[in-house]
Amino acid sequence: VDLEVFMLARDKARTMRICQEHRIRCPRTWFPEEQPIEAIASEVTWPALVQPRISHGAMGIRRAHDAAGLAEVYSKTVEEYGPSIVREFVPQTDLQYEAQLVRDRDGSYKAGVVFNKLRYFPVTGGTSFANAAVPRDDILERCRRLLDAMSWTSYAAVDLIQDPRDGVAKVME
């Protein structure tokens with residue numbers, strides 16, 4: 001993949017923007033660089049998550065339970081990890097998924113598989129290490145739309161969380 005496209009995908013804020021622009025379901029996301037944290041606090045439902053724009057394996061994700069906590073958690077996260085976003089908390093009572101796809105330079109897909117994540121390290125959320133392939137064409141289609149919008153080529157892995165409130169698997173990164 002081209003470096004510019006890779007950097008687009010690596011930055012969670014930029015990925016969420018693409019999802020929003022292309023109506024690809026994702027957790028609601030706020031961008032503190034564009035809107036004061038106090039204004040965001042008036043819009044979120046609690047708890048809310050603060051997440052570094054660039055991280056891996058759930059590193060740096062913190063939960064806030066009220067407006068004062070959001071301001072504090074956001075400040076600490078930015079200090080430790082750099083620019084961050086605020087995201088809707090999706091209850092983790094349902095499954096998380098990963099879609100792995102291969103998209104050729106001509107935009108055709110050579111392979112695609114979805115698996116549900118059965119176990120993580122750490123157990124509270126992080127890198128999955130026990131997975132099972134599942135038939136989820138809806139997830140593959142959602143991920144194809146995302147990769148097409150990014151002009152992604154080569155191998156890609158997209159993480160999703162199924163929202164128990166509406167049953168939709170939403171793109172996390």
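In this predicted model, strand E5 (residues 96–103) and strand E6 (residues 109–121) pair in the antiparallel sense over 8 bridges. E5 and E6 form a hairpin with 5 residues between them, and E6 is also joined to strand E7 (residues 127–134) by 7 antiparallel bridges. A separate description applies to strands E1 to E4, which form an open sheet.

- Where E6 runs antiparallel to E7, Asn-116 stands opposite Ala-132 in E7.

**The open sheet of E1 to E4**

- The 4 strands follow the order E1-E4-E2-E3, and their pairing is antiparallel.
- Strand E1 (29–30) and strand E3 (62–64) are the edge strands, each pairing on one side only.
- Strand pairing in a sheet relies on backbone hydrogen bonds, in either a parallel or an antiparallel arrangement.
- Strand E2 (residues 48–52) is paired with strand E4 (residues 84–88) over 5 bridges in the antiparallel sense.
- Pro-52 stands opposite Ser-84 in E4.

**Helices that lie across the strands**

- Helix H2 (residues 12–21) lies across E1, E2 and E4, and runs at about 45° to E4.
- Helix H4 (residues 67–81) lies across E2, E3 and E4, with an angle of about 160° to E3.

- Helix H1 (residues 3–10) packs on H2 at an angle of about 90°, and the two axes are 5 Å apart.
- H1 is therefore roughly perpendicular to H2.
- At this contact, Met-7, Leu-8, Ala-9 and Arg-10 of H1 meet Lys-12, Arg-14, Thr-15 and Ile-18 of H2.
- The contact of H1 with H2 has 4 nonpolar, 1 polar and 3 charged residues.
- The axes of H2 and helix H5 (residues 137–150) cross at roughly 110° and come within 10 Å.
- Angles of 65 to 115 degrees count as roughly perpendicular, and H2 and H5 are therefore roughly perpendicular to each other.
- Thr-15, Ile-18 and Cys-19 in H2 meet Leu-146, Ala-149 and Met-150 in H5.
- By class, the contact of H2 with H5 has 5 nonpolar residues, 1 polar residue and no charged residues.

**Backbone features in loops**

- Most peptide bonds are trans, and most residues other than glycine have a negative phi.
- The peptide bond from Trp-46 to Pro-47 is cis, with omega near -5°.
- Pro-47 is found in the loop between helix H3 (37–41) and E2.
- Arg-23, a residue other than glycine, has a positive phi near 55°.
- Arg-23 is placed in the loop between H2 and E1.

**The largest pocket**

- The largest pocket holds about 1,100 Å³ of space.
- Its lining comprises 41 residues, of which Lys-12, Gln-51, Asp-159, Met-172 and Glu-173 lie nearest the centre of the pocket.
- Strand E8 (residues 154–162) gives the most to this lining, with 6 residues.
- By class, the lining of the largest pocket has 19 nonpolar, 12 polar and 10 charged residues.

Definitions and conventions: Residues numbered from 1 in each chain as written. Predicted model: local features only at pLDDT ≥ 70, side-chain atom pairs only at ≥ 80, totals over all residues. Heavy atoms only, no water. Pairing = 2+ DSSP bridges. Helix = DSSP H or I, 4+ residues; strand = E, 2+ residues; numbered from the N terminus. Contact = heavy atoms within 4.5 Å. Axes fitted to C-alpha atoms, helices over the stretch in contact; angles between N-to-C directions. Parallel < 35°, antiparallel > 145°, perpendicular 65-115°, else oblique. Nonpolar A, V, L, I, M, F, W, Y, C, P; charged D, E, K, R; others polar. 1 Å grid on protein atoms, 1.4 Å probe; cavity = no way out; pocket = protein on both sides within 12 Å on 5 of 7 lines; lining within 4 Å. Points joined across faces, edges and corners; volume = space filled by probe spheres on them.
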